[in-house]
Amino acid sequence: MDDENNSMDDSQEEEIGAEELWRRHVQSNSGALQNLAGVSPEAGGKLYIIHVHFEFGGNWTRRRHGRYQFLLPNMHRKYKSAWHGREIVLSHMGGGDAKSFQSIPAVCARLKAVDPNGHVDWEPQPDNRAFRRMFVCPSASGRSFPYMRPQVGLDACHSKNQRYPSFIMLATCLDGNNNISIIAYAIVDRENEENWVWFLIHLRGAVAGIDSPKIQYVSDRCKGIINAVRNIFPGASHVHCTIHLQRNVKQRFGTEMEKFFKVLYRCKTEERYKHVLEAIREKNPECGQYLSNISPALYVMYAVHRPRFGHTTSNIVEIANSAILPIRSYGPLRMCIELYLYMMEQKAKQHRLSLTLNEERLTPYAARYMATQEEDAGRMRVRIAYLNEALVQSSTGDFVVTLLPECKSTCLVFKDMCLPCSHIIAFEREMRLSSERHVGVMWTSAAFRIAHLETFHPVDTSNLPISAS
Ligand SMILES: [Zn+2]
């Protein structure tokens, strides 16, 4: 709806008829509306257009950037009416009417039939008359997790279906080629601690090793998610999204404190962190108090224990939320099916890519990363202190590199990425050593291939039976 609002100022317009609009819409959205169960695109489209025409009049107009907009003489009403018509059509297309709720057990049964090792569950409201929540984790997703980066993003987003509002909860991770994968999803009636607990209990049951202390969770700080992770994954590290914290700081204490916060969360040593926090306390004691109440282990670079792979925010899950934006218009049943199909197509895409990486040792992403680091290493000056210790000088500063017993650099990049940084590479070049041995296994083509070896099975959701309950 927001996108449609944005085009209000466009001046170039082209009037077209309803039938023509639908024809073009179907052509440009292959798959989006055509596959909807029970209603052919022609029937669905006509229903939409007939409804809007007869109830509100007006016509479709093509805007300068190619989108179509339904225009009425009353500018304020046009969005509402077009939106309303769309909601009605979606519900007729199996998106959310009462019958679709009654088909949920049948969809779950079909998902289980095509994927017996997958994890599918659903629950109605206590009165048994409406949808409450459902959880889906296909077996191919669950089994690929050990070959992904040990970091899980959690987030919930609301559906855009105003007739049947619901929330989609997602658990996502990244593979060695920097692709975001949805591990599991749930569709729930509201975002609260109870539903997060329910989601995480199912996630734990569906994905082996996801409750290991080696896994790091990242999320924002709202609506019960922190307590839920603490209770269900007591050993896990759960870091906070720095963008969300930054927004909170800005909202409560203004833009000057926001600038200080940006320096604070990037601190690479405890000494520096204390120094910046003290400066914040002096400028704004309340802000200082607020930030000292949050443990630095939850967000400050030096103190976070597990690798974050360059992601200090929950963008690994928010990107997935944006990718599924069209799906968020449907009611719970349709949303569940479309999410499964979306994951299926993504998995097939990665599987195809994995077949082309037979010879390469690293994934394309890791290879590009290493090439940049190696190039930078060539511009650095290495001052050797001992066989395993050196000061590496670059244009961005001086960094201490220690090779043995544990390989590390004060730049903290290796700790964060599980890939050798330019400083380590520069030092090891001097020592006639190769840095390849430090590359984490998740960056190899072999791990990528195993992660995407198993694909999904398509599920046929036409002619769903309606349960009696
Ligand atoms: Zn470094």
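Two strands count as paired where DSSP finds at least two bridges between them. In this predicted model, strand S12 (residues 389-394) and strand S13 (residues 397-402) meet that criterion, with six bridges in the antiparallel sense. One of the residues involved is Ala390, whose bridge partner in S13 is Val401. The two strands belong to an open sheet of four strands. Its order is S11-S12-S13-S14, and the pairing is antiparallel. Strand S11 (381-386) and strand S14 (408-409) stand at the edges. Each has a single partner strand, so one side of each is left without a neighbour in the sheet.

The chain as a whole contains 19 helices and 14 strands. It has 469 residues, of which 39% count as buried. Among contacts between residues at least 6 apart in sequence, 64% join residues at least 24 apart.

In helix H6 (residues 104-114), the buried residues include Ile104, Val107 and Leu111. Seen down the axis of H6, the buried residues fall within an arc of 60°, so they line one face of the helix. The spacing follows from helix geometry. An α-helix has 3.6 residues a turn, so residues three or four places apart point the same way.

Helix H9 (residues 225-232) was examined in the same terms. Ile225, Ala228 and Val229 are buried there. Their arc, seen down the axis of H9, is 95°, so these residues too line one face of the helix. The face turned away from the buried side carries the exposed residues Asn227 and Arg230.

Helix-helix packing is illustrated by H11 and H12. Helix H11 (residues 255-264) and helix H12 (residues 270-283) pack at an angle of about 170°. Their axes lie 9 Å apart. Angles over 145 degrees count as roughly antiparallel, and H11 and H12 are therefore roughly antiparallel to each other. From H11, the contact is made by Met257, Phe260, Val263 and Leu264. H12 contributes Tyr273, Val276, Leu277, Ala279, Ile280 and Lys283. By class, nine of the contact residues are nonpolar, none is polar and one is charged.

Note on methods. Residues are numbered from 1 along each chain as its sequence is written. This is a predicted model: local features need pLDDT of at least 70, side-chain atom pairs count only at pLDDT 80 or more; totals for chains, interfaces and linings use all residues. Axes are lines fitted to C-alpha atoms, for helices over the stretch in contact, and angles run from 0 to 180 degrees between N-to-C directions. Angles under 35 degrees count as roughly parallel, over 145 as roughly antiparallel, 65 to 115 as roughly perpendicular and the rest as oblique. Two residues are in contact if their C-beta atoms, placed from the backbone, lie within 7 Å. Ala, Val, Leu, Ile, Met, Phe, Trp, Tyr, Cys and Pro count as nonpolar, Asp, Glu, Lys and Arg as charged, and the others, Gly among them, as polar. A residue is buried if 20 or more other C-beta atoms lie within 10 Å of its own, exposed if 12 or fewer, and partly exposed in between; C-beta atoms are placed from the backbone. The arc is that of the directions from the helix axis to the C-beta atoms.
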